[in-house]
Structure formats: C-alpha cells, structure tokens
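Here is a short briefing on one structure. Please look over the sequence and the model before reading on.

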Amino acid sequence: MWKSTFYSLFALAVLTALVAAAETRPNILLIVGDDMGYADVGFHGCKDIPTPHLDKLASVGTRFTNGYVTGPYCSPTRAGLLTGRYQQRFGHEFNPGGGKQGMPTSEKTIADHLKAGGYKTALIGKWHLGSEPEFHPQQRGFDEFFGFLGGAHDYFNDKGIVRGNTPVDEKEYLTDAFAREAEEFIGKQKESPFFLYLAFNAVHTPMQADDARLKKFAHIEDKQRRTYAAMMSAMDDAIGRVLAKLKATGADKNTLVMFISDNGGPTMPGVTVNGSLNTPLRGSKRTTLDGGIRVPFVIHWPGKIESGVFEHPVIQLDLHATVLAATGAKVPANFEPDGVDLYPHVSGANKKPPHDALHWRFGPQMAIRMGDYKLVRYDTTADLDPSKPKTISPAKLYNLKDDIGEAKDLAASMPDKVKELQAKWDTWNSKLAPPAWGGNPAAKGQGKKKGNKQQE
Ligand code: CA
C-alpha cells in the first residue's frame, strides 16, 4: 500500500514536472519578408522608408550583420528554411514551375517536428513550395493555413487566397489581411505553445499599395520606389500589430521572434524589379553576389537572445536548428541538418564561429564563404553593362571584411586561397542532387523549359 502510494506520488511529481517543462517551451514567430533590399530597413541605415517596428525588434534583439539565405530566389530558400537543409540536397535548387514540382514529401518541415511535439502551427502568407494537394501546407505540418500557394500575388484581388483549401472573400489589402489573421491566431492560443510562420509576399511584385500609405510617401519622386516604400511601410505596420498582439496576450515574454528576407532585392533586368536597394552590397536577386543572398536577419528571444550585434556569418538554416533546440523538438534519427543552433554562439557559451563555411549553388552560379573570404561565380547581368554579353563570371575572390561591395578581385593575387575555397566547395557540391526541375535563365542548357512557368 505504502509502496503504491509512493509510486503514485512519484508518478504525479514526474507528470507535474513534465507539464511545467512543456509550459516553458517558447512560442515561435518566424517572419519572412519577400525580395527586400538589404539597405531598406532603418537598422541598416535606410533614410527614406521608416521601419520603426523592425528597428525596435532589431534593437531589443540581436542583429546578424552577415546573415545569409541559401539562394537568391524565393522558393529554394523557403525550402531550406523549413527543412533545415541545403535545398540542393533534395533537388529544390530553383523555383517550382507548377504541376508536380514542389518540396519533396520525403523532407520533413519544422512545422512537422513542432506539431508532433504538441505545438499549434500555422502558416499565414505565401507558401511557394508546390501547389498540388500533396504539397499543401496542411500536409506539411501546418494545422492552419491562410494565404496563397504560388510565388506572387495581387494585393487587392482575392482570387487564389484560401483558408485551408477554401477560397475566401478578402476585402483588405493583403499585407493588412495577413496582420489581422496573425493577430487572430495568436489571440486564440491558450494552452499549447504555438509556431506561427508569417510569410509576407511584401515587397514582391506586383507593385501595389493602398492610397493612404502612398500619400505618406508622396515626396518620393520615383514612382516605383514610392510604391515600394508604401509596401514596406505596410509590412512594418503589420509586424508592429503582430508584436503588439503578443504583448497584449502576455505571450511576448516567452516567444522567440525571428525575421529575415527570403532573398536579396531584385535590382537588375530580368527579375521582379521592385525599387529596392541592396547598398553597400553588390548584385541582385538571382545572383550569388551578396546582394542576392545576404539579408536583414534578426532574432529576439527574451532573456536569451537580446540586444546585440553578431558578426560571424550565419544562414537561414540556423533558424531551423535554433528553433529545434529551443523547443526541444524530437526529430527522426536519420535527420541530417545543415544549420547550427545559434543560441550558444550568441550567448558566448561557444566562442567559435557557427560555420567553417557557407555554400551556394544556383545552376552555374556558385559561392562559398569561409571567414572573411568569398569565392564566387555570378550572373554578369548584375554588372549592368549593356556592352558585355550576359554570362557567368570566372571565379572571383573577395575579402568581405575589407570589401563588402565585392569590388576588388583577389583571385590572381591569392591563388592558394582560391584553391582552398574551391576544394571545399567541390566536396560540398559532390554530395548534392541534380536540380529536380527548372533552371537559371542565365544558365546554358538550363533555360526555362516550355510550359515550365517559374514564378519569380
Ligand atoms: Ca523572394
């Protein structure tokens, strides 16, 4: 009798401890902007577009000055973000063109892992990882979905906006609608921790903004930049609303908030040019120059990742790894992540840089960054020189610490460094899958196939 009472009490104590542990698991708010320029936030020095809410987030949280994504296009970097793996490992090198093209169902997402651990999960916004039923967000770990499945969307026309699978009658400007939906999702969470993936299509084309915000930027003469400013402002307003909702519900104290853009600003001909600026970086969306792959990158985790600046190179795959560690999520034994939990590095517990190298492959374009050095072959359309044919550059070597604008090629003067980086990249590349579809428009023999309409 005594024994069984003891064991019952012991079991109760264990259960209570487990419940208490479960309650301390943080909520996750992962916010992704689309096609933002590196220069276009206040915390990177932007003067003509106020972004007070993003600036506040960057001031209470840690700003990663060498924050990268795994590609210069929308869908590939989202595949990397959600799976925690370089997307070229599973053929997701380019944007899917519709039909049976989508993030392979062999890959598990961060939402799968968190949902399995009892999290309430939602995607609000852009998916862009396949439109067929098997690729639908609610088949990929998300309890709820409000938004659209493709790569871009009109901001005033609700055709294609769905809740789950059901078309909705949406009257609001799309960025405002996403803010409203995010507020509602946060407001109804009570017992379980939540994971909200808030994936804006702002500031991707089409360039459309509401009259009130356009009026705010009437002083900007260039119409495209004016519209872009209004769209950025709308996204910043939306982020402000969502962070305010976290505060109002008290969830802010236990929510890990992350913000990135999915790729660099599109500034060169042939891409979805939107009026963004990547200065002081060189290059654009669609290139492996830093302008295509280095993005605004912020994490705030109250009591853990707070006010600071982190300068070692990091990549969006690390957000996946950081979330898994923060939530104690269980993953399948055969899961091979490429990201690194950033918390020990930011807290100073681990003084080493998170990565010895970061790698990129986008058709014939490539890059590798090791420490301050970067080896890159890029789409020369980025050079904006109409007298030269558009091709892929020879391998160039830059020291990004001294030369953030990738202007001074050191390849000829540092051949050993070139060899070292090339060998490291070759090893990484040898383990990748061939692209499962599509191609880089600038790549020889990898042009867009007939009927393969990629949404940029
Ligand atoms: Ca994008």
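Predicted model: local features only at pLDDT ≥ 70, side-chain atom pairs only at ≥ 80, totals over all residues.

A calcium ion is coordinated by D34, D35, C74, D262 and N263. A search of the whole structure finds two cavities of 30 Å³ or more. The disulfide count is zero.

**Calcium site**

- The donor atoms are D34 (OD), D35 (OD), C74 (SG), D262 (OD), D262 (OD) and N263 (OD1). Their distances to the calcium ion run from 2.2 to 2.6 Å.
- Along the chain, the donors of the calcium ion are spaced as D-D-x38-C-x187-D-N.
- D34 sits in the loop between β1 (27–33) and α2 (52–60), and D262 in the loop between β9 (255–261) and α8 (290–293), so the pair ties together parts that are 228 residues apart in sequence.
- The six donor atoms subtend angles of 53 to 160° around the calcium ion, which makes the arrangement irregular.
- For reference, six octahedral donors ideally give angles of 90 or 180 degrees.
- D34 has a relative accessible area of 0%, so D34 is buried.
- D262 also counts as buried, because its relative accessibility is 1%.

**Cysteines**

- No disulfides are counted, with a cut-off of 2.5 Å between cysteine sulfur atoms.
- C74 gives its SG atom to the calcium ion. C74 is buried, at 0% relative accessibility.
- C46 has a relative accessible area of 12%. That value is under 20%, so C46 is buried.

**Largest cavity**

- The volume of the largest cavity is about 50 Å³.
- Its lining consists of H153, D154, Y155, F156, N157, D158, I161, E170, E172 and L174.
- By class, the lining of the largest cavity holds four nonpolar, two polar and four charged residues.

**Second largest cavity**

- The second largest cavity has a volume of about 40 Å³.
- I28, L30, L81, I110, F195, M258, L319, H320 and V323 line the second largest cavity.
- Two elements, β1 and α9 (317–327), each give two or more residues to this lining.
- α9 gives the most, with three residues.
- Which classes make up the lining of the second largest cavity? There are eight nonpolar residues, one polar residue and no charged residues.

Note on methods:
Residues numbered from 1 in each chain as written. Heavy atoms only, no water. Buried < 20%, exposed > 50% of the residue type's maximum accessible area, 1.4 Å probe, protein only. Donors = N, O, S within 2.8 Å, 3.2 Å for Na, K, Ca; no water. Tetrahedral: all angles 85-135°; square planar, octahedral: opposite > 155°, others 65-115°. Helix = DSSP H or I, 4+ residues; strand = E, 2+ residues; numbered from the N terminus. 1 Å grid on protein atoms, 1.4 Å probe; cavity = no way out; pocket = protein on both sides within 12 Å on 5 of 7 lines; lining within 4 Å. Points joined across faces, edges and corners; volume = space filled by probe spheres on them. Nonpolar A, V, L, I, M, F, W, Y, C, P; charged D, E, K, R; others polar.
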